[in-house]
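Keep the sequence and the 3D view open as you read.

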Amino acid sequence: MDQFTINLIFVGASFALYIGIAVWARAGSTSEFYAAGRGVHPVTNGMATAADWMSAASFISMAGLIAFVGYDNSTYLMGWTGGYVLLALLLAPYLRKFGKFTVSEFIGDRFYSPTARMVAVACLIIASTTYVIGQMTGVGVAFGRFLEVSNTTGLLVGAVIVFAYAVFGGMKGVTYTQVAQYCVLILAYTIPAIFISLQLTGNPIPALGLFGDHVASGEPLLTKLDQIVRELGFSEYTAHHTDTLNMVLFTLSLMIGTAGLPHVIMRFFTVPRVADARWSAGWALVFIALLYLTAPAVGAMARLNITELMWPNGTDGEAVSVQMIAEDDEYDWMATWQKTGLLGFEDKNGDGRIQYYNDANPEMQAKAAENGWEGNELTNFNRDILVLANPEIANLPGWVIGLVAAGGLAAALSTAAGLLLAISSAVSHDLIKGQLNPSISEKGELLSARIAMAVAIVVATYLGLNPPGFAAQTVALAFGLAAASIFPALMMGIFSKKVNNVGAVAGMLAGLVVTLVYIFLHKGWFFIPDTNSFTDADPLLGTIQSTSFGAVGAMINFVVAYVVSGMTKETPQEIKDLVESVRFPRGAGTAQDH
Amino acid sequence: MADKTPQSAASATEADKGYWAANVRIIIISLIIWAIVSFGFGILLRPALSGISVGGSDLGFWFAQQGSIIVFLALIFFYAWRMNKLDREFGVEEE
């Protein structure tokens, strides 16, 4: 059986499973559609949250970004897990006690203002849509490779499938589908990592193998990796070589953004009790940590494997020959990925060998001149292909490659579905039922939710064809937007009685607009290429890149909200009582509708 | 599920104030630890910890790639356990 057939079987079987579950658990009432009747156990909820959370960015993109940069991209690891501490301590139990369905409902009620609710809806739609664009990038990469079709076709197929189960399932369908997706994606991520860790370090646990010894050289793996990349003129893997301020702000943006993303917060409305909301965040992080503790090992080991494949005789020997790449089974992956346009190599100096080195490093330029090299010949290695190509690079069996295909798609599709649900509930529940037509029937509300999903997926698919960066980078922008707008409003709503309606609206708008403008200035207006005035290599403000600006936006939000609240009319007594009641678990009932 | 509590949660008694102050104190301590392991050990204090080697690299690298995640997990479970206990001490738990 050839690889294409194996991939089709794995991907097809996993999809059949998800769709089957979605159909079996079809939502009947609005309450079930949004919050699964609150009958979800904390462990189940944690697993579904983990699937919802770990998207194409975590699964497909993150290890690749770590592999080619090393220590400096630890920011993704700390940022995307540290946010759960904020969520568990500062938001989840109180929002569960409040007992409504959506994040914007809380903001509307706490800040006693339909305007505040509408601003929250706008923030939520902008952040979620940016996030879905990142997912669509990942869907395109995964389908392009595994169905051996173009990126565009892959995207369209993925869009249809997400639409199918998100629209017909609702939250309950999505919750159980996502439990299945979690199982598929975590197996797909860890199984190849275990194989590779055994090959390189003899340790079956990748997280321990990373800090273990490299079997072939007897040296610690990281020491070996540092040495080999240094010899090729790249910066050392474990060294710190980017700006510290930007690194701190980027990590903080990802953390705050995690706690401000509506599709994750919504999960905590679905547990039965306040105490369960606290445990749920912990269980979610347990399931997330299984992947996040493995990811840095995947990155480091893949970097070592790739470098050794390019220099099979060591870095001071001869580079790999073009003939070897064409004929040796170990190099088959290069030809397959070259077809997608995401991997490129070219024998520039015509010596029949592919020299991979850092041609921007002056020392290497001198060495290249001596040896007659004419630049780095591994001309293109898209970061987003690393995890998907990893089992092929390590020469693992065909079924592992098929499993990774299914896992990558599970990650991208599950998150896209969760985000679409958040967008659709913002439109149908907050905008239409809450504002435009309060007397809409339950049937009408469900219908408008489904139409909103369809519109959102069309927009995201269209923008996904021309993404502003690698999947994880686009997703990081979404986090910046959520950090600057939603999180501060939620936190102040719970921890401060002083912040009033005008203050909250002014804060959210200031945070959102400043951050959005900063992103557009660097990434192009509405992400249209070549309309940017600055680049992240030379940003507008010092060393602060557009992906790190969310932390600054959040601070602006807090300051503006406090200053404006101080100058305007005090919060009324009944709102102070509402804040007080949210702080105590007693009397938490089922969800209240309007 | 308990929806029968007639008692107004809004009445801020002395005990309620004590409960909230205790909660805020636990949150602040937890967030200090949260910041020290990630921004501290993982980034800013890494040079100071460079003498302590961990499997081919140093302690700061380990905290940035693994250690902080493990501490985050411990913090969330500690908070859930501690708060559920505090709820009972102050009699504000759900029935």
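In the second largest cavity, the element that gives the most to the lining is helix α19 (residues 398-436) of chain A, with four residues. This is a predicted model, in which local features need pLDDT of at least 70, side-chain atom pairs count only at pLDDT 80 or more, and totals for chains, interfaces and linings use all residues. Residues are numbered from 1 along each chain as its sequence is written, chains are lettered from A and ligands numbered from 1 in the order in which they are written, and side-chain values use heavy atoms, with hydrogens and water left out.

Helices here are DSSP runs of H or I with at least four residues, strands are runs of E with at least two, and both are numbered from the N terminus. A cavity is a set of points on a 1 Å grid over the protein atoms alone where a 1.4 Å probe fits but cannot get out, and its lining residues have an atom within 4 Å of a point.

The second largest cavity holds about 40 Å³ of space. Around this cavity you will find T102(A), V103(A), L124(A), P262(A), M266(A), A422(A), S425(A), A426(A) and D430(A). By class, six of its lining residues are nonpolar, two polar and one charged.

How many cavities of 30 Å³ or more are there? The count comes to four. The largest cavity has about 60 Å³ of space. Its lining is made of F59(A), A188(A), Y189(A), P192(A), A193(A), V298(A), V387(A), N390(A), P391(A) and V404(A). Two elements of chain A, α8 (151-201) and α18 (386-393), each give two or more residues to this lining. The most comes from α8(A), with four residues. The lining of the largest cavity has nine nonpolar residues, one polar and no charged ones.

L509(A), V513(A), V517(A), W525(A), F526(A) and I528(A) make a nonpolar patch of about 540 Å². In such a patch, residues have over 30% relative accessible area and no salt bridge, and nonpolar side chains are joined within 5 Å. L509(A) sits in helix α22 (residues 501-523) of chain A. Because its relative accessibility is 38%, L509(A) counts as partly exposed, a class that lies between buried (under 20% relative accessible area) and exposed (over 50%).

Finally, look at chain B. This chain has two helices and two strands, arranged along the sequence as α-β-β-α. Of the 95 residues in chain B, 47% are buried.

Technical notes:
Patches are made of residues with over 30% relative accessible area and no salt bridge: like charges are joined within 9 Å, nonpolar side chains (Val, Leu, Ile, Met, Phe, Trp, Tyr) within 5 Å. Accessible areas come from the Shrake-Rupley method with a 1.4 Å probe; for residues, only the protein chains shown count as cover. A salt bridge is a side-chain nitrogen of Lys or Arg within 4 Å of a carboxyl oxygen of Asp or Glu. Buried means under 20% relative accessible area, exposed over 50%, partly exposed in between (1.4 Å probe, protein chains only). On a 1 Å grid over the protein atoms alone, a cavity is a set of points where a 1.4 Å probe fits but cannot get out, and a pocket is an open set with protein on both sides within 12 Å along at least five of seven lines; lining residues have an atom within 4 Å of a point. Grid points are joined across faces, edges and corners, and a volume is the space filled by probe spheres set on the points. Ala, Val, Leu, Ile, Met, Phe, Trp, Tyr, Cys and Pro count as nonpolar, Asp, Glu, Lys and Arg as charged, and the others, Gly among them, as polar.
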